[in-house]
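Have the model open in your viewer and get ready to select some side chains. This tour walks through the aromatic rings, one stop at a time.

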Amino acid sequence: MRTAVFAWAAFAWAAFALFALTGCGGSGAPLNIIPPPPSIGWSGPSDFGTVAVDDSEISQFRISNNGKATLVVPVGGYRISGPAAEDFSVSASALWLGSGGSQTVAIVFAPSATGLREATLTITPEAPAEMVQVPLRGIGVLAGPLSLLGTDGSTIAKGSLTPSVAAGTDFGEASVALATIDTYPTRLFTVVNDDDRVVTVSGLQAVTMAAGGSFVAMGASPFPLVLAANGGSASFEIGFIPTEATAVSWDLALISDHRVTSSYRFRVTGTGIETGVETEAVTNAGRTTLTDGASFDLGAVVRESTRTQEFAFVNLSADTVSLGGTAVDFSGDDADVFSLVQSPATSLNTGQEGLFTIGISPSVDSPATLAAIMTLRWSTGGQDYERAVTLSATVIEPDLRVADDDGNPVASGSTTASAVNSTDLGVATVGASINQVFELSNSSAGKTIGLHAGDPSGLVQVLGTGSAAYAVTADSDPAPLSLTPGASWRFVVTFTPTEPGSVPATVRIAPLDAVEPEYSFAIKALGNGSVPTLRSGGQDLAIDGSAGIDFGAVDVVLGSLVTATIQVGNSGNTHLVFAATPAEILGGASGDFSLGGDSLATPIAAGASRSITVTFDPEQLGNKIAQLRLNMADHDPILLELSGSGVDGDLLVRSESTNTLLGDGATASVADGTAYENVNPADPDRYFQFIQTNASSSTRLYLGDLGAPTITGHETADLNVVVATYDTGSGNVQLVYVLGTAADPEEFRSGDQVAFIGGSNDAVDATVTGAQPDLGLASLTVDAGLVDSPQVISSVDFASGSVAFPADTDLSPFAADDLLVLNTAEDAWAFVVTSVDDGADTVAVTPVDSAPVDGSYGGQIIARQQARFTKVDFLVTGSQISSREPGQSYTLTVTLRPRASVGRRGGTSGSHEVELHIPNNDTSTRDVPTDSGETPMFDITLGAHLGAEPTNN
């Protein structure tokens, strides 16, 4: 909208007086004077000229009272009529004008269409004044607007009276001293022509001015500016030259031949200061002066990386400038993202500049746009000054990506190396090398990223004190010039330690791309250092977090517990050092597990190990999962998963002799009443007695199809048998002597281990699979075996106890105390060797049992061996019931029956164990809950240790 200023034209109404003369002669009649009525006078243009459609023009009309009486025009006394009445409007209130008074009325012309637009304004006052009609006209055109754009590209409204720092109409602070060295601040503006005709901007005029400085158009001859039709534009600069330390405000106008807007008026302002200190942003494109309240856009900053920007203090005054410790600080919502990377010098002499660097590091949680106030402070001439600059940045996601050869991502800016993404390269012996491959890729959808070309060391660098131990090479293809979208390149980091210890470093990838920042991440490797190992239950455990220990089901009702021993070792060759909290149990079920054993507070020497224990003692039913974490000074923490379940066990088994509660899988122990020590074969039977109780409050325990308690692992110790006959085809063996007497088939059971002794004194083990009486002997079937061929003798002198062999028989296998068995078709005899005469080919013997006293004997010696036999039987002899009601108990008895040891050498001591199997719930029974936590068999190991002397255990 534009306001027209016009010269005024006057219209006057004739005034008149009415005189009435009455009478004549010597006395005159009175004279009556009637004042003229009020009349309307108006002035102002009735032609609004050319106005663009959708724009408007205001004209000011002045209404005056040319009469002597009061002129009154009511609110409804204004009316516009005619063919284009809708294009005109009047803004006026009720008038009350005395003689000669006047008042302004605004008429607005806003054409709704092109062409001539006409209407009539009718003013109707109250009587006796008469109505007045004013013709109105204007021409509507389709002229496009003329626009002025500020420094930031925003439109500066025509007639704007509010200067803006962003738009450049507020120049901020400028030093008075700058006016003498031609470096005063300037701002760039752009004028745009959207009309369909060419427009010429002839110049810039100052409409109103104030002292203290001036605003001038820059350049030798920036005007005239010829603007092409339909969007043509041109730019020009305005400079602020302060001459006094004061605020300066001017109204400027662009003068043009635009058919609608011939004068484009706007206000500019600036403040002159005496400091003589300039602050600047230093960029590749040059320097940008930053006044108080100015804004500086850092542009795009990649998330989780650091972008830096350099600034400068410039001392243009004759005094020294002091910069204290708080010369630069940050405030605002995003202040924590900005930081001072490099501080300026503490003082600046005349002409000196102090560079400083700030960093901006958006985190993963930072918003997409960032802003903060950077406050700059200094002192000069005994006064303190400060300047506030708004910093802004746009956060973008990085397009470069790095991953290890397994595809695990490596975040840019990461400061902790980890084995998870191979940035912890591991351990290498001094002088040896280890390699790790990484892949650099471009994840953008359409941007090619420029890289350093040639040697990969120019693109990928290893920095830091430990960098000498690392080298970078190309995996296969050389380093590319650039990465197109989706492309990748692989490089190798090689670690070659020269001394023991952890070697940290930083990998830096510096692309040429102006927006894409450098990519950096921490790496480390251990030179000839400590290597933690874990071992439990005879098995090595992985330290990558995949291993675990399952404690199984533990009875909550019994308050029992299970303990696992974990050996923490050091397979390296330097000390394994732990953190202040070496071991801890974490997780939701951590309260069900506890630590014990050796402390890890002191280092573990190379090659050594230390044992810690973890005890599982659940307090509640259900599955329990926790983690054992070992914290080391030079390694990532080791996590070991701990699991187990708390169950409500029903079957309680207690040793009656010691009142000890036995768990499933209990081992033989004298203290627990499940073993005897120093049992002599001549001792009487011993007894194990166990009390079984159903501890459930509601569940019946069933035997079902599981049957009565049984014993497995029946042992016969040191049993040597003499063979009468052996059929290799059927595997049948007929025994002659065991224990120096005729064989007793009751001595053998299926599963017994026996040793057959042949003529060469070699023992062949076999397993008995069946035994039955036969002619007073034992007929056994064995699974396999070999009995040496019988040896032939010449004669036997029963009276003298001498056995003769054929000449040159090798008698070296015979020895004193050997058992010789002789066989005939009807009978067999046994002798014990007392001496051997190899030169005479005879063996002196003593009969074991009765033997003939006359004659000699010709036949075969079928076997010989020292006669020793010791055997222990464990027999279930207690009662058994088919089910147990809640709270019901019964006694189970197991008999330990030692067997006599016969022979010249007596019994043999040793430990003997068997497994007692007590049936528990039959899970096929419907009355038994499937989640009862019970196993179908409750196992206890029983044992006996045989001794030489009878005892009363």
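**A tour of the rings**

Start by selecting Phe 593: with a relative accessible area of 5%, this residue is buried (buried means under 20% relative accessible area with a 1.4 Å probe and protein chains only; over 50% is exposed, and in between is partly exposed). A note before moving on: this is a predicted model, in which local features need pLDDT of at least 70 and side-chain atom pairs count only at pLDDT 80 or more, while totals for chains, interfaces and linings use all residues. Residues are numbered from 1 along each chain as its sequence is written, and side-chain values use heavy atoms, leaving out hydrogens and water.

Rings of Phe, Tyr and Trp (its six-membered ring) pair if their centres lie within 6.5 Å; planes under 30 degrees apart are stacked, over 60 edge-to-face, and the rest tilted.

Select Phe 48 and Phe 109: their ring centres are 5.6 Å apart and their planes meet at 50 degrees, so this pair is tilted. Both Phe 48 and Phe 109 are buried.

Return to Phe 593 and Phe 616, whose rings are stacked, at 4.8 Å centre to centre and 20 degrees between the planes.

For a cluster, select Phe 296, Phe 311, Phe 313, Phe 356, Trp 378 and Tyr 385, which ring pairs link together.

Last stop: Arg 686 lies over the face of Tyr 676, 5.4 Å from the ring centre. The criterion here is NZ of Lys or CZ of Arg within 6 Å of the ring centre and within 35 degrees of the ring normal.
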